[in-house]
Amino acid sequence: QVQLVESGGGLVQAGDSLRLSCAASGGTFSSYTMAWFRQAPGKEREFVAAVSRGGASTTYADSVKDRFTISRDNAKNTLYLQMNSLKPEDTAAYYCAGTRNLYSTGRLYYRDKYDYWGQGTQVTISS
């Protein structure tokens, strides 16, 4: 099974950019559909973006569409989330997640579809 470790979080100002990484080990990374979720204090963990096994297909939550870009490098076993035009409401712990199952796009929004999770990295946006 795959192990996931996020990095790249931090404290930035509104309007800044940040890139998160998720390093995978212990499994065949290219066999997993991957996603980013986030969880703000007192709120449920919510879907941010997902990418297909080969990286050609992506889907985003409306709240981050046109600002965030999910990508993956299967040769490096790494998932990325490029976050631009950050807003204070983007403040949250960000988690990468993976599944070996194949789901329709709509089902990728649900966290119970993912079997593997990282420990999270904190992103804080100051106004």
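Strands E3 and E8 pair in the antiparallel sense over 6 bridges; strands here are DSSP runs of at least two residues, numbered from the N terminus, and two strands pair if DSSP finds at least two bridges between them. This is a predicted model, where local features need pLDDT of at least 70, side-chain atom pairs count only at pLDDT 80 or more, and totals for chains, interfaces and linings use all residues. Residues are numbered from 1 along each chain as its sequence is written, and side-chain values use heavy atoms, with hydrogens and water left out.

**Around E8**
- Leu-79 of E8 is the bridge partner of Cys-22.
- E7 also pairs with E8 in the antiparallel sense, over 6 bridges, with Ile-70 partnered by Leu-81.
- The hairpin of E7 and E8 has 4 residues between the strands, and Asn-77 takes a positive phi near 55° there.
- Of the 6 residues in E8, 5 are buried (under 20% relative accessible area, 1.4 Å probe, protein chains only).

**Disulfide**
- Cys-22 and Cys-96 are joined by a disulfide with S to S 2.0 Å (the rule is a pair of cysteine sulfur atoms within 2.5 Å).
- Cys-22 sits in strand E3 and Cys-96 in strand E9, so the link ties together parts 74 residues apart in sequence.
- Both cysteines, Cys-22 and Cys-96, are buried.

**Nonpolar core**
- The largest nonpolar core has 37 residues, and Trp-36, Leu-79, Leu-81, Met-83 and Tyr-94 touch the most other members; such a core is a set of buried Ala, Val, Leu, Ile, Met, Phe, Trp, Tyr and Cys residues joined through side-chain atoms within 4.5 Å.
- E5 gives the most to this core, with 5 residues.

Methods: Buried < 20%, exposed > 50% of the residue type's maximum accessible area, 1.4 Å probe, protein only.
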